[in-house]
Amino acid sequence: MKTQGAHRRRRRLSAVVTAAGALIAATAAIVAANPAHAAACESVQYDIVSSWGSGYQANVSLTAGSEGVDGWTIGFDLSGTVQSAWNVTWTQSGSRFTGSDAGWNSTVAAGQTRQLFGLIVNGAAAVPDSFTVNGVTCGGGAEETDTPTGTTPSESTPPEETSPPPTGEGDTGNATHFSGLGSPYGGCGLPQSELETQDFVALNVYDTPGDYAFYPRPLPPEQADKIGLWDNGRNCGRWVSVDIGDYCTGVNDGAQSQPFCRNGSWTEDEYNGATLNMIVADSCGDANAWCRDDPFHLDLVTSSINRFEQDGAPVGDLLDHWNNRQVSWSFIPAPDYTGDIKIGFLQGAQKYWGAVAISQLADGIHGVEYFADGAWHPAEMNGDMGQSFVLEPTIEAGTDFQIRVTDVNDQLTNDGRTYSFSLPSTCAPQCSTAYTEVAYTTTG
């Protein structure tokens, strides 16, 4: 069965897991120290699956004892601050993290190990010393096991009942396809014609398993537990390496509160292992199971599917054998990156509303600073369009701008390079076209 994700994009401008980087593999198996409590909780596992300069991603699993677990609240101390978490209702007070089940993942059968939730932490990668489950200590001490060189640990997967084990490196999720970006802009704030590649994907706006309501965009801090891998646009402009996995022989229609691939099974065929590098250019916020229940769902542009490659050549006819696939994928730096960023003013931009889109990025974009009145200021993201920011000119009511850009690791691009440019004369009184590229000069 071939099904296409349908996206409705809001694109009226008003005055986005995880990050690629050196992977480290650390698994802490915290074994129950008190036999009196082993009947419920045998161990908690804290797997560090991805690390970068300023943070890391971890998955938390629980192995139940002979009585099993029905409803859980897990607590532990962290040396960093949780940026986001999925498949869990959570709070952090000081160093103490407390996470409770999301309802659908509340039970762990006797003797079963179940991955419960994942989280992104700002801070040095470290395994907590101990854990409590439902207020009772489950374990004491941590044992770290390094993954052999050249392998990547499996990362967070969708709800256990709807996803098989990963089929390759990176995160594994259901994959659908869509026709293309809405006009004039996709979810990241760029026209489709301005993308670095026409092989692009959409990531989930929300992570709300079983909850198909709509929430504000961007999601406010008090609803951080609902933020999907779109991350309020902060993963815009990043590249992903995508590997084709199994297809569904049954029904995989994204119906609410229904399992993926029901009345059938995930099956391997000759297209497994086909790969393609793609760029994040849009978002999936639809009220279906793909966009809500599967944290690692990817929506691929339809035209890219036959361009997946095996043995260095396009497969050619994968679209005819799609049947809603699984894919494994990971964030990567921009392949064969050369040159520098591109800057363009958006439709309606003027000296009083300096809306720009920034592309041609080596490793994503997490922020823009503009220079005005003799100081640097953080620019506001244009909604949740993660490559579009609203600038102020260097002098009030002027037409000259200076910016610098931070990447996904929150590091200044090109060691703090400053980009200077002006509002084009064609944008007086405002820009009439969707995108007006500008030339710039640099210092630094």
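Buried means under 20% relative accessible area, exposed over 50% and partly exposed in between (1.4 Å probe, protein chains only). The model is predicted: local features need pLDDT of at least 70, side-chain atom pairs count only at pLDDT 80 or more, and totals for chains, interfaces and linings use all residues. Residues are numbered from 1 along each chain as its sequence is written, and side-chain values use heavy atoms, with hydrogens and water left out.

**View 1. Salt bridge between Arg217 and Asp384.** A salt bridge is a side-chain nitrogen of Lys or Arg within 4 Å of a carboxyl oxygen of Asp or Glu. The N to O distance here is 2.7 Å. Asp384 is buried, at 0% relative accessible area, and Arg217 is partly exposed, at 27%. The model holds 10 salt bridges by this rule.

**View 2. Salt bridge between Glu369 and Arg404.** The closest N and O atoms are 2.5 Å apart. Glu369 belongs to strand E24 (residues 367-372) and Arg404 to strand E28 (residues 400-406), so the bridge ties together parts 35 residues apart in sequence; strands (E, at least two residues) are DSSP runs, numbered from the N terminus. Both count as partly exposed, Glu369 at 24% and Arg404 at 21%.

**View 3. Stacked rings of Trp90 and Phe97.** Rings of Phe, Tyr and Trp (its six-membered ring) pair if their centres lie within 6.5 Å; planes under 30 degrees apart count as stacked, over 60 as edge-to-face and the rest as tilted. The count by this rule is 15 aromatic pairs. With centres 5.8 Å apart and planes at 20°, Trp90 and Phe97 are stacked. Trp90 is buried at 17% relative accessibility, as is Phe97 at 0%. Ring pairs join both to a cluster that includes Tyr46, Trp72 and Phe117.

**View 4. Edge-to-face rings of Phe345 and Phe421.** The centres are 5.9 Å apart and the planes lie at 65°. Phe345 is in strand E22 (residues 342-346) and Phe421 in strand E29 (residues 418-422), 76 residues apart. Phe345 is buried at 0%, and Phe421 is buried at 4%.

**View 5. Ile74 in the largest nonpolar core.** A nonpolar core is a set of buried Ala, Val, Leu, Ile, Met, Phe, Trp, Tyr and Cys residues joined through side-chain atoms within 4.5 Å. Of the 63 residues in this core, Ile74 is one of those that touch the most other members. Apart from this core lies another, of 24 residues, among them Phe389 and Phe421.

Key:
Helix = DSSP H or I, 4+ residues; strand = E, 2+ residues; numbered from the N terminus.
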